[in-house]
Amino acid sequence: MKTIMRFLSIAAALCAIGATANAANFRTVVIDPGHGGHDNGGQWGRVYEKHLALDTATRLEANLKRMGYQTVMTRRSDYFISLPQRVSTANRYRNAIFVSIHFNYTWKEHVSGLETFYYNSEGQRLAQFVQSSLVRQTRTVDRSAKFARFYVIRNSKLPSILVEGGFVSNESERNRMKSAWFREQIARGIAEGIQRYRRAG
Ligand SMILES: [Zn+2]
């Protein structure tokens, strides 16, 4: 019995080391700007989620490159790509993480704030770092890191998150989103969260 317990505790320790090394060693960030082409995503007047997501993703890429990361974008301009295509791009990489960028929409116009979704435990760790950095950087309502079954984070084999950078349907958030400065703050918050996750191992 003692031997088995010892074996199990060693096995658990090895697993922990494996997970740690995996989280700490990634060099590549696969960035996935949500929607595109005929799929506008959330929309209010002329404010389209697909445009906000692409601009924020491009800013995130620039921030991450400055920090020495390699980056991959699932789309670089306004065209449609399917969810399976996004996942197959992500799953081509090893030692990488996956970050999908979206903006929220609801008919309840008063609802506001940022949230970060994950599917599994490694995604949860990443989501918690990114969410806390995002809230600190943007000083926006914290809707927290949450579990969800969204296709891209459920099917990607990488530690994966989906960031919702605020509500297009909320007037004050929409006005902030229209400014390049605010989208830059979101990009910086995500990049800082990724860096903190990597350093934490
Ligand atoms: Zn979306």
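## Two buried histidines

H35 and H102 are both buried. The model is predicted.

## Zinc site

Three residues coordinate the zinc ion: H35 through NE2, E49 through OE and H102 through ND1. The distances run from 2.0 to 2.2 Å. Along the chain, the donors are spaced as H-x13-E-x52-H.

H35 sits in the loop between β1 (28–33) and β2 (43–44), while H102 belongs to strand β5, so the pair ties together parts 67 residues apart in sequence.

β5 is mostly covered, with nine of its nine residues buried. A96, F98, S100, H102 and N104 point one way from the strand. I97, V99, I101 and F103 point the other way.

Two strands pair with β5. β1 runs parallel to β5, joined by six bridges; T28 has A96 as its bridge partner in β5. β8 also pairs with β5 in the parallel sense, over six bridges. There, the bridge partner of F98 is S160 in β8.

## Largest pocket

The largest pocket holds about 210 Å³ of space. Its lining counts 17 residues, and those closest to the centre are H35, L83, H102, V152 and L162.

What is the lining of the largest pocket by class? It has seven nonpolar, five polar and five charged residues.

Definitions and conventions:
Residues are numbered from 1 along each chain as its sequence is written. This is a predicted model: local features need pLDDT of at least 70, side-chain atom pairs count only at pLDDT 80 or more; totals for chains, interfaces and linings use all residues. Side-chain values use heavy atoms; hydrogens and water are left out. On a 1 Å grid over the protein atoms alone, a cavity is a set of points where a 1.4 Å probe fits but cannot get out, and a pocket is an open set with protein on both sides within 12 Å along at least five of seven lines; lining residues have an atom within 4 Å of a point. Grid points are joined across faces, edges and corners, and a volume is the space filled by probe spheres set on the points. Ala, Val, Leu, Ile, Met, Phe, Trp, Tyr, Cys and Pro count as nonpolar, Asp, Glu, Lys and Arg as charged, and the others, Gly among them, as polar. Donors are N, O and S atoms within 2.8 Å of the metal (3.2 Å for Na, K and Ca); water is not among the atoms, so sites may look incomplete. Helices (H or I, at least four residues) and strands (E, at least two) are DSSP runs, numbered from the N terminus. Buried means under 20% relative accessible area, exposed over 50%, partly exposed in between (1.4 Å probe, protein chains only). Two strands pair if DSSP finds at least two bridges between them.
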